[in-house]
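Trainee: I am new to this structure. Could you pick a single part and take me through it closely?

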Amino acid sequence: MSPNPRKRPAPEALIAGLVVVILAALVIAVFLTGWGSSLYPPDAVTQQGRDVRGLYDIVFAFGLAIFILVEGLIVWSVLRYRRRPTDSDLPTQTHGNNIAEVIWTVIPTAIVLFLFVISWQTLNKVDAVSARPDIRIHAIAGQFQWQFEYLDQDGKKVATQLTPAYDTATGAGGMAVPVGRSVQVTLDSPDVIHAFYVPRFLFKRDVVPGQTNTFEFTVDASEAGQVFRGQCAELCGTGHRLMLFSVIALSPTAYDAWLNALIEKSNATPAPLPSGTVLNVTAEGIKFDTTTLDVPADSPFAIAFTNKDPAGVTHDIDIRDSNGTVVANEDTINGGTTTNYTINPLPAGTYTFFCSIHSNMTGTLTVK
Amino acid sequence: MATHALRPAAPTYSRGRLYEWLTTTDHKKIGIMYVINSFVFFLIGGILALVVRTELAQPGLQFLSDESVYNQIFTMHATLMIFMFVIPMLAGLGNYAVPLMIGAPDMAFPRINALSLWMLPLAGILLVASFFTGGSAAAGWTSYPPLSLDGPLKSPGTGQDLWIVGLILIGTSSILGGINFLVTIFKMRAPGMTLFRMPIMVWTVLVTSVLVVMATPVITSALVMLFIDRNYGGRFFDPFGGGSAVLYQNIFWFYSHPAVYVMILPAMGVISEVLPVFSRKPLFGFKAFIFATAGIGALGFSVWAHHMFTTGSVFLPFFSLMTFLIAVPTGVKMFNWVFTLFRGQLTFSTPLIFAIGFLTMFLIGGINGAFSASVPVDFALHDTYWVVAHIHYVLFGGSVFGIFAGLYYWFPKMSGRMLDEGLGKIQFVLMFIGFNLTFFPMQMLGLAGMPRRIADYAADAGWNDWNMAATIGGFLIAASILPFIWNVFVSLRNGKIAGDDPWEGNTLEWATSSPPPPYNFDHLPEIRSERPVFDARHGRGAH
């Protein structure tokens, strides 16, 4: 058939065009006015993160242009080509157009090849590791806690940070790094897969048991004094959400002081056992060897605690009263180590002792 | 060639209707039962999603006191939605439509077809029953070892074993169904129905079946190895016994990425039928569309490791390049769809509205894909809520909107009655708004650093508002399902009589009665193009 191309009334085309232009303008306005900033990652704080951010912005610009083009075409067609009661003849039966097919094959191919090439270039920068980084940290992610071993240039451990998250009240905890220096992190897991993720780094890397992953970053000098939130990003079990950590950016001198303090703390000998009641508790296989402990009321006592789980699996013994108030909050120790906890006198009553890392490790402490 | 004399003699005795449905080998009844079974699990999976959204509405653990329960809920949400809803629902629509569309009396192997169907409720019951055996699987629908292995703090319960057995059953059902589709499509086409006159829906089912037959045995091997590791002391995936944790991921995604195309290609097929019918134009670039479908199928086997960019064990440039390239055939399809609407005469019946919903939402999911293909960008986005947004824009905005387009499109053929247009439009509006309110904010959450699969988050992380919005959206989606159920319920009794061809369709299913008789056709129109019923209606000259 050869229908005469029927003239459509102009208003429909006008309205459709107007709506498309207004919608496109709205979308663009959202980004120009900053309302669209939530569709961008947060500002990067590392050299590598800024490279990723630059790449993101390019990919996003292409994505936004394609979004506006195609959604605009859809909205235009929906508004413009509504079937009207007078439309009894068929519209022109267009089966396709080879030139159009070539255009929308070749141009997208060129775009994705371009994006691939710049992604690859960025990848080579982001993923690069040097033979002699300024700082080496060995991060161990175990269910459900991080620990950070600080290594010297030969890879020998000099100190271990067992408190992964920064506490604003006490200033303790966290993985400190000096700004402006290259930091190389090696990742290991003693149990399941975890992932080291710091949103402000625009980066994550899986912590895979049986293989050691390595990555490197340099925090911008302007970020000294900042604390960045980090979190496990790979489902690792019932405590997944609790695997929080912090990265503390310090000036190089502040970092040296911080590290020396940590070395001193790591080397400190455990406090000698006081005279009086001493309880022996062992943790092995994510379990305490006892679920009941008895101590006399109103006198101090000590717990000699042994962690027989593999290195990387940390435990502690905290105590809460029957109201749920924590009355003793002790430091975690690594697998394969021992410590002595000295507990202040407790009034008579029934308490719960528990591992703060593993919610299944609990027992009853009877004070009488 | 005008008739098919394939009607067997009528049975000499009659059975009850229920007995007839339970023992049928009629592909139409089997297809409808696939749809019903899948819809039941869609409801269960949806309720699980509401539990997740309720817990995440505000920081703090309010609703689920036990985090292990939370892990079970989201694991089973994804498992049921993927394996018991989207895949079998599309298989069901294919089961119903493919023999009709190629002018065949039934599937090639009707009894195997019934077997494929009945394995599914069994698998579904096993999966759901695991909640009552001390807890279901809780290691995510991906069930990565070592977390999915036996052991304290890992997955010691029988739930994980039931999950493995359920998935193997579903996989077996898929393989049987895939072989059945392939033989049906290659051997049962009516005279004149050449490969390049087959409707796009049939082409997408064909490519999907190739993917299923090639990829499903591979995941079955991973599941069997996981089962051996868990129960008989195997060390395939135990990194501390000489095995490899990442090996599982390679095998798992070798299936599960093609499975994404298994979940989207037939939905693309549905809207490729709907858009031309309601635009009164042929599909723009019919052959280009077929090549794009085959291209997606082929490339789909070379992109699996983009799910593993952050493992440190992937040849990154290769998988990045292939993942970027697969955007090209997908883009070709998008332009072909849009130019099918262009200069058409659009009738905004419910199937078309859902198909346009597919286009607008799938576009966002597709653009998101380019971000994941860019390895450094993926380092930032992987395993955050951004990925959750991406898969839902593809699998909900794409597949589920496509599924509803198909249900509204073929309901008159299945039942002989029309669904109510008003209720259909109410469903669409609620679902479209709810969908975007739920999943658009998840992109922001992911960019702001919220990891997926966490039961709780800090109140000062800046994630509160978007999470609340997503939860409200989730309940809107749930509300949108109610008018649909009511619509089906009412229309089955009082719906307008459909007649053979209520939509002025193009393909052969509209050339028979609604519902079609057993063995489908008394007469077939001449098949001279991909639109035989259009040709019969308008004359060959209109083509």
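**One residue and its surroundings**

Mentor: B:Glu67 belongs to helix H3 of chain B, which covers residues 67-101. Helices (H or I, at least four residues) and strands (E, at least two) are DSSP runs, numbered from the N terminus. This is a predicted model, in which local features need pLDDT of at least 70 and side-chain atom pairs count only at pLDDT 80 or more, while totals for chains, interfaces and linings use all residues. Residues are numbered from 1 along each chain as its sequence is written, and chains are lettered from A and ligands numbered from 1 in the order in which they are written.

B:Glu67 is buried because 21 other C-beta atoms lie within 10 Å; the cut-off for buried is 20 or more such atoms within 10 Å, with C-beta atoms placed from the backbone. Leaving out residues up to four places away in sequence, B:Glu67 touches A:Thr238 and B:Ala455. Contact here means C-beta atoms, placed from the backbone, within 7 Å. B:Ile454 is 387 residues from B:Glu67 in sequence, yet their C-alpha atoms are 9.0 Å apart.

Now the chain around this residue. Chain B has 16 helices and zero strands. Of its 543 residues, 62% are buried. Among chain B contacts between residues at least 6 apart in sequence, 83% join residues at least 24 apart. The C-alpha trace of chain B spans about 65 × 50 × 45 Å along its principal axes.

Last, the partner. The contact between the chains takes 72 residues from chain A and 77 residues from chain B.

How values were computed:
Two residues are in contact if their C-beta atoms, placed from the backbone, lie within 7 Å. A residue is buried if 20 or more other C-beta atoms lie within 10 Å of its own, exposed if 12 or fewer, and partly exposed in between; C-beta atoms are placed from the backbone.
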